[in-house]
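Welcome! Keep the 3D view open as you read.

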Amino acid sequence: MEYSKWLYALSEECRREFKGRRMESHDLNHSMRVWKNAEKLGKEFNADMEVLVAAVFLHDVGVAHTNDLKHGKESARIARKALERIGFPEGKISSALEAIEQHDDVKKQRKSLESKILFDCDNMDAFGAVGVFRYLDIYAKRGWGIREIAEHVCENVKERFRNLHFRQSRKICRENYEFTRKYFLKLKKELGSNYFRKKEEKREN
Ligand SMILES: [Fe+2]
Ligand SMILES: [Fe+2]
């Protein structure tokens, strides 16, 4: 497989960016989970596997430097240098960077197959037991409280599933999606209703 020769170098680039940073929701292990599904879909859809593997392993390197929801541009900036450093085919760099830059933009109309596959497989990792951890970890790092997270994720998780491009993607992650959706619904329920929170807030003011 032509593309597998990039796996080691790309993993090392990703590992290096996250070194010394506790960012388990978006580090190399996340990319490896994304790749597991992306490799499957990429082969099925006849994607450019070199572009895909580069996009997957570098799509979140920007998160090593910013907690921002929008980190695709920062990832692309770092990824360009990484791809040049490892001698990645020049003619494929812009396609990989396009997928990386677009991966965090829900509203973006993705044109390339590789960009769609990255988007789907990245979102799949928000589901399941790992997905629950990732949601809690990243939003806590962004300074959100548990109640805010629960309310936001109950909607966000449905949107993520709805936005998947491929029927095959939904098939792969449906069970994990249901797990995450139910977890956050239960969390929201256990935390209590808005009614009491609003009363508490009023008393504090
Ligand atoms: Fe991301
Ligand atoms: Fe990601």
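This is a predicted model: local features need pLDDT of at least 70, side-chain atom pairs count only at pLDDT 80 or more; totals for chains, interfaces and linings use all residues.

Residues are numbered from 1 along each chain as its sequence is written, and chains are lettered from A and ligands numbered from 1 in the order in which they are written.

Helix α9 covers residues 167-191. Helices here are DSSP runs (H or I, at least four residues), numbered from the N terminus. With 25 residues, α9 reaches 34 Å from its first C-alpha to its last, close to the 36 Å expected at 1.5 Å a residue; the expected span is 1.5 Å times one less than the number of residues.

## What α9 packs against

Several residues of α9 are buried, among them S169, C173, Y177 and F184. A residue is called buried if 20 or more other C-beta atoms lie within 10 Å of its own, exposed if 12 or fewer, and partly exposed in between, with C-beta atoms placed from the backbone. The buried residues of α9 pack against α2 (28-45), α6 (113-124), α7 (128-141) and α8 (146-162).

Take α7 as one partner: its axis comes within 8 Å of the axis of α9, and the two cross at roughly 45°. That makes α7 oblique to α9. Axes are lines fitted to C-alpha atoms, for helices over the stretch in contact, and angles run from 0 to 180 degrees between N-to-C directions. Angles under 35 degrees count as roughly parallel, over 145 as roughly antiparallel, 65 to 115 as roughly perpendicular and the rest as oblique. On the α7 side the contact is made by G128, A129, G131 and V132, and on the α9 side by N176, F179, T180 and Y183. Two residues are in contact if their C-beta atoms, placed from the backbone, lie within 7 Å.

Now look at α2 and α3, which pack at an angle of about 160° with their axes 9 Å apart. This angle makes α2 roughly antiparallel to α3. S31, V34, W35, A38 and G42 of α2 meet M49, L52, V53, V56 and F57 of α3.

The loop between α2 and α3 holds N46. Most residues other than glycine have a negative phi. N46 has a positive one, near 65°. N46 counts as exposed because 8 other C-beta atoms lie within 10 Å.

Within α3 itself (residues 49-58) you will find A54. A54 is buried, with 31 other C-beta atoms within 10 Å. Its contacts beyond four places in sequence are W6, L10, L83, F88 and A96. A54 and W6 are 48 residues apart in sequence, and their C-alpha atoms are 7.8 Å apart in space.

How many of the twelve residues of α6 are buried? Twelve of the twelve are, so α6 is largely enclosed by the rest of the structure. The elements covering its buried residues include α2, α3, α5, α8 and α9. From first C-alpha to last, α6 reaches 17 Å, close to the 16 Å expected.

Helix α5 packs with α6 at an angle of about 35°, their axes 9 Å apart. The contact brings together S95, E98, A99 and Q102 of α5 with E114, S115 and L118 of α6. S95 counts as partly exposed, with 19 C-beta neighbours inside 10 Å. Leaving out residues up to four places away, S95 touches D48, V51, S112 and E114.

In the loop between α5 (90-102) and α6 sits H103. H103 is buried, with 24 other C-beta atoms within 10 Å. Its contacts, aside from neighbours within four places in sequence, are H59, G72, L118, F119 and D122. H103 and L118 are 15 residues apart in sequence and 6.9 Å apart in space, C-alpha to C-alpha.
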